[in-house]
Amino acid sequence: QGMSALMRRLLDMQVYSSFWCYLRRFFLAKAILDQNYKLAISTQPAAQNSGNASVSNFQNRISRWIKLRSAMVPHTALLEPISECMLSGALAAFSSYILFKTDPICFYLVHVLVWFICDWILIHIVQNGNLPFNKFEFLVMWMFRECGAPYLFLHALLNP
């Protein structure tokens, strides 16, 4: 029902033909907003079947998303990296040291710990049940993702 109603709207808006070869979410959403339609976010997460689950496929998928976001909204190339855990923690620790003379290492470690706990809580909420991995495995995956984010971002921007 939902997808067919969306396609009818696209046909009504006469933008379907411009998206038939590469239906990308961002371009589609922009065209819908340009027609003064409103968007609502679903209360249920979308299940994505990524097919072959491997580190290289994950990195390629994230790299494509970074390239797409940077092409659609160029200022994200400047702002997105500071929204990542490690870089925002370093900036916050440095700022806290300058402003309040706090210990930057302690501040940084607490920042990373709180971010990790929030991600752990969030994945439990999204999964709505038991996870197929334990806390240590999640910690290793989480550290890999957070520490690799700056590399992936730079790699995506430098290799268009």
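What does the accessible surface of the protein chain come to, and what percentage of that surface belongs to carbon and sulfur atoms? It comes to about 12,100 Å², with 65% belonging to carbon and sulfur atoms; areas here are Shrake-Rupley values with a 1.4 Å probe, and for residues only the protein chains shown count as cover.

A few notes from going through the model.

1. Ground rules. This is a predicted model, where local features need pLDDT of at least 70 and side-chain atom pairs count only at pLDDT 80 or more, while totals for chains, interfaces and linings use all residues. Residues are numbered from 1 along each chain as its sequence is written, and side-chain values use heavy atoms, with hydrogens and water left out.

2. Overall fold. The protein chain has eight helices and zero strands, and so its pattern along the sequence reads α-α-α-α-α-α-α-α. Helices here are DSSP runs of H or I with at least four residues, strands are runs of E with at least two, and both are numbered from the N terminus. Of the contacts with a separation of 6 or more, 51% are between residues 24 or more positions apart; a contact means heavy atoms within 4.5 Å.

3. Burial. Of the 160 residues in the protein chain, 21% are buried. The cut-offs are under 20% relative accessible area for buried, over 50% for exposed, and partly exposed in between, with a 1.4 Å probe and protein chains only.

4. Cysteines. You'll find zero disulfides in the structure, a disulfide being a pair of cysteine sulfur atoms within 2.5 Å. Cysteine 118 is in no disulfide either, with its nearest cysteine sulfur, that of cysteine 85, 9.9 Å away. On accessibility, cysteine 85 is buried at 0%, whereas cysteine 118 is partly exposed at 45%.

5. Salt bridges. A search of the whole structure turns up two, where a salt bridge is a side-chain nitrogen of Lys or Arg within 4 Å of a carboxyl oxygen of Asp or Glu. As background, side chains of opposite charge can pair when their charged atoms come close. The next two points take these pairs in turn.

6. Glutamate 80 and arginine 69. These two form a salt bridge, with the closest N and O atoms 2.5 Å apart. Glutamate 80 is in the loop between helix 5 and helix 6 and arginine 69 is in helix 4 (residues 55-72), so the pair ties together parts that are eleven residues apart in sequence. Glutamate 80 is buried, at 16% relative accessible area, while arginine 69 is partly exposed at 23%. Leaving aside residues up to four places away in sequence, glutamate 80 touches Arg69 and Phe153, so Arg69 shows up here both as a contact and as the salt-bridge partner.

7. Arginine 145 and glutamate 84. Here the side chains meet in a salt bridge at 2.9 Å, N to O. Arginine 145 sits in helix 8 and glutamate 84 in the loop between helix 5 and helix 6, so this pair ties together parts that are 61 residues apart in sequence. Arginine 145 is partly exposed, with 32% relative accessibility, and glutamate 84 is buried at 16%.

8. A nonpolar surface patch. Which residues form the nonpolar patch on the surface? They are Leu78, Leu79, Ile82, Leu87 and Leu91, with about 470 Å² of accessible area together. Helix 5 (76-79) and helix 6 (85-100) are the elements that give two or more residues to it. Patches are built from residues with over 30% relative accessible area and no salt bridge, joining like charges within 9 Å and nonpolar side chains (Val, Leu, Ile, Met, Phe, Trp, Tyr) within 5 Å. Leucine 87 lies in helix 6 and is partly exposed, at 35% relative accessible area.

9. Positive phi in two loops. Lysine 101 has a positive phi of about 55° although it is not a glycine. Lysine 101 is in the loop between helix 6 and helix 7 (104-127) and is exposed, at 61% relative accessible area. Asparagine 128 also has a positive phi, near 55°, and is a residue other than glycine. Asparagine 128 belongs to the loop between helix 7 and helix 8 (135-158) and counts as exposed at 69% relative accessibility.
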